[in-house]
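Hi,

Here is the structure I said I'd pass along. Have a look, and my notes follow below.

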Amino acid sequence: MALALVDELPISKIDQPKIFNIASNGLSSHTHGFFKYLCKFIPHVPRWALKKYIKTDNQWVLDPFCGSGTTLVESALFGCNAIGVDFDPLSNLIARAKSTPLKKNQIAELKSRLSDLIIYIEKCRHVDKNLIPPISNFDLWFSRKASDDLVKIKQGINRFKEESSDSSLIDFLNLCFASIIKRVSNADSQSPKPYVSRKIKKIPGDAIDLFKKVALANLEKLENFSSAVVPSKSFVMRGDARSVDDLVRRKRLVQYVDLAVTSPPYINAFDYVRSLRLENLWLDLLAPDELAQHNQEQIGTEKITFDPSFISSMREYSNLYQAFHKIAEKDRRRAYVVMKYFYDMRSNLISVKNILKPKGVYCIVVGNSRIRDVEIPTYQYLIQIAENVGFKLDSLFGYVIKNPYLRIPRKGRGGLIKVDWVISLRKTN
């Protein structure tokens, strides 16, 4: 396959299947670098899709797996209305904070109040122990100093809430708080999944100092983003990507969207619930007893029940069905995980098709996997399913992954993903 070095993806017709090596520029520009979110896709893809498929003002873009809000940020910079949906409350917070531009008076208020907040935190001597989240093995994860300092920051943000009712400013502060939690914990800094290394002793950062630096740096980025956006609307909602059409219409936002751009979870790639557990608990977005059920709700989860009905409903996809049986010979549970993933993605494809305008386009970024030594060409299976439910392939290409999170081997359970594939699907009616 051809390998082409580019700064941006070409808008002209792409010879298939071409793989691009995209220069790593602008990955953290504007608000993209607010939070170290695992497996987020590069802004070049939604930027390419917007330029290629959005032709007039006031058109609408949907991201049914919005994660940290990359599509929403690029839509705001492009001047396109956007809707982001994600099942995780922390992802909702991050996406809102990153994609919501502030007016000049809001920037001025945030600057003034942030200075007061930092002074309050630095001088604070009282620690409200009731604000410590009920995390199991808490002392394993956090030192006494880190815990006390995080509580002081939380107290400061609560004090800010009492003095300001501006939810956008509160979202910004909570995002800055969330972005330092793992850095000041004992959790390994290199792993996307939180665990305490027994081999390498981590020296956690100072929470108050980090919060101050992160907040000031992010404020500058947010100010630059706010001055660069073209006026448009942006909405972020918590919901299920398998029924996103119902969710959007119930909220009465819009009847149809012109374009959908997303990067869904990969098969058995990362456990988002586990990865974001500490942040969700510290911000009181989830309770400990909600985590297990929350995990079962995500697409790609390994927390599944053995239900033969969804297996039989996928019989028409012969290649996928054969791969399922090959994996099942070695690992029945993981075979079900694979089939459930494609079953759920079919539901998502149908739901997005239902809310797309005629001839609308759905762009999906996904990587292939290797499960129990069986190759899973995910993009090929998704194309087959999409064509079966009412799409036709408009464009297909790949790009080399440079994100180190995606280079971590997964002990033979998912394979080492080296290329992301971009599938551009056009609704046929």
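A residue counts as buried here when its relative accessible area is under 20%. Keep in mind that this is a predicted model. Cys124 has a relative accessible area of 6%, so Cys124 is buried. Cys80 counts as buried too, because its relative accessibility is 2%.

On to disulfides: the count comes to zero. Cys80 is in no disulfide, and the nearest cysteine sulfur, in Cys363, sits 12 Å away. For Cys124, the closest cysteine sulfur belongs to Cys176 at 19 Å, which is too far for a bond.

Now the cores. The largest nonpolar core has 81 residues, and Leu259, Phe342 and Ile376 have the most contacts inside it. Helix α15 (residues 332–355) gives the most to this core, 11 residues. If you click on Ile376 and skip its neighbours within four places in sequence, you'll find it in contact with residues including Ile267, Ala323, Val338, Phe342 and Tyr381. Another core lies apart from that one, with 61 residues, among them Leu93, Phe172, Leu173 and Ile208.

Ile208 also turns up in a helix pair. Helix α6 (residues 144–163) packs with helix α8 (residues 207–228) at an angle of about 40 degrees, and their axes are 8 Å apart. The two helices are therefore oblique to each other. On the α6 side the contact is made by Asp149, Leu150, Lys152 and Ile153, and on the α8 side by Ala207, Ile208 and Phe211. Those contact residues split into five nonpolar, two charged and no polar.

Cheers

Note on methods:
Residues numbered from 1 in each chain as written. Predicted model: local features only at pLDDT ≥ 70, side-chain atom pairs only at ≥ 80, totals over all residues. Heavy atoms only, no water. Axes fitted to C-alpha atoms, helices over the stretch in contact; angles between N-to-C directions. Helix = DSSP H or I, 4+ residues; strand = E, 2+ residues; numbered from the N terminus. Parallel < 35°, antiparallel > 145°, perpendicular 65-115°, else oblique. Contact = heavy atoms within 4.5 Å. Nonpolar A, V, L, I, M, F, W, Y, C, P; charged D, E, K, R; others polar. Disulfide = S-S within 2.5 Å. Buried < 20%, exposed > 50% of the residue type's maximum accessible area, 1.4 Å probe, protein only. Core = buried A, V, L, I, M, F, W, Y, C linked by side-chain atoms within 4.5 Å.
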